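Work through the exercises below with the coordinates open. Each task is followed by a solution in steps.

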Amino acid sequence: IAVLPLAWLLTMLPISIGGIGVREGAVVFLLVSLGFKSPDAIAISVLMIFQILVQTILGGIMYLSYKYNLEE
């Protein structure tokens, strides 16, 4: 529970564009320091990226459908 807020906080640092790479590195570092194996930590980090992409795509589809329904 404590890993995700810390990773998101580190993502807000102006180190990279959109926090890409910083979030993944932070999640892997924090999970490995908690005792996870590196491949497991990397898999969790990749799944987090996938989750964000799916939510973004679904939100975009909903936005476009809402926008076009208002115009009709």
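**Exercise 1: helix α1**

In helix α1 (residues 3-11), Val 3, Ala 7 and Thr 11 are the buried residues. Buried means under 20% relative accessible area, exposed over 50%, and partly exposed in between (1.4 Å probe, protein chains only). These residues lie on the same side of α1, because the arc they cover around the axis is only 75°; the arc is that of the directions from the helix axis to the C-beta atoms. Helices are DSSP runs (H or I, at least four residues), numbered from the N terminus.

The model is predicted: local features need pLDDT of at least 70 and side-chain atom pairs pLDDT 80 or more, while totals for chains, interfaces and linings use all residues. Residues are numbered from 1 along each chain as its sequence is written, and side-chain values use heavy atoms, without hydrogens and water.

Task: determine what the buried residues of α1 pack against, and describe the surroundings of Thr 11.

Solution. 
1. The packing partner of the buried residues of α1 is α2 (22-33).
2. Thr 11 has a relative accessible area of 15% and is therefore buried.
3. Beyond residues up to four places away in sequence, Thr 11 touches Gly 18, Gly 19, Val 22 and Arg 23. Contact means heavy atoms within 4.5 Å.
4. A polar atom of the Thr 11 side chain lies 2.7 Å from the backbone oxygen of Ala 7. A polar contact is a pair of N or O atoms within 3.5 Å; within protein, one must be able to donate a hydrogen and the other to accept it, and residues adjacent in sequence count only if both atoms are side-chain atoms.

**Exercise 2: the salt bridge**

Task: search the whole structure for salt bridges; how many are found?

Solution. 
1. The criterion is a side-chain nitrogen of Lys or Arg within 4 Å of a carboxyl oxygen of Asp or Glu.
2. The search returns 1 salt bridge.
3. Arg 23 and Glu 24 form a salt bridge, with 3.4 Å between the closest N and O atoms.
4. Arg 23 is buried, because its relative accessibility is 15%. Glu 24 is also buried, because its value is 16%.

**Exercise 3: surface of α3**

Task: which residues form a nonpolar patch on the surface?

Solution. 
1. Patches take residues with over 30% relative accessible area and no salt bridge, joining like charges within 9 Å and nonpolar side chains (Val, Leu, Ile, Met, Phe, Trp, Tyr) within 5 Å.
2. The patch consists of Phe 50, Leu 53, Val 54, Ile 57, Leu 58 and Ile 61, with about 590 Å² of accessible area together. Accessible areas come from the Shrake-Rupley method with a 1.4 Å probe; for residues, only the protein chains shown count as cover.
3. Val 54 lies in helix α3 (residues 38-71) and, at 33% relative accessible area, is partly exposed.

Terms used: Helices (H or I, at least four residues) and strands (E, at least two) are DSSP runs, numbered from the N terminus.
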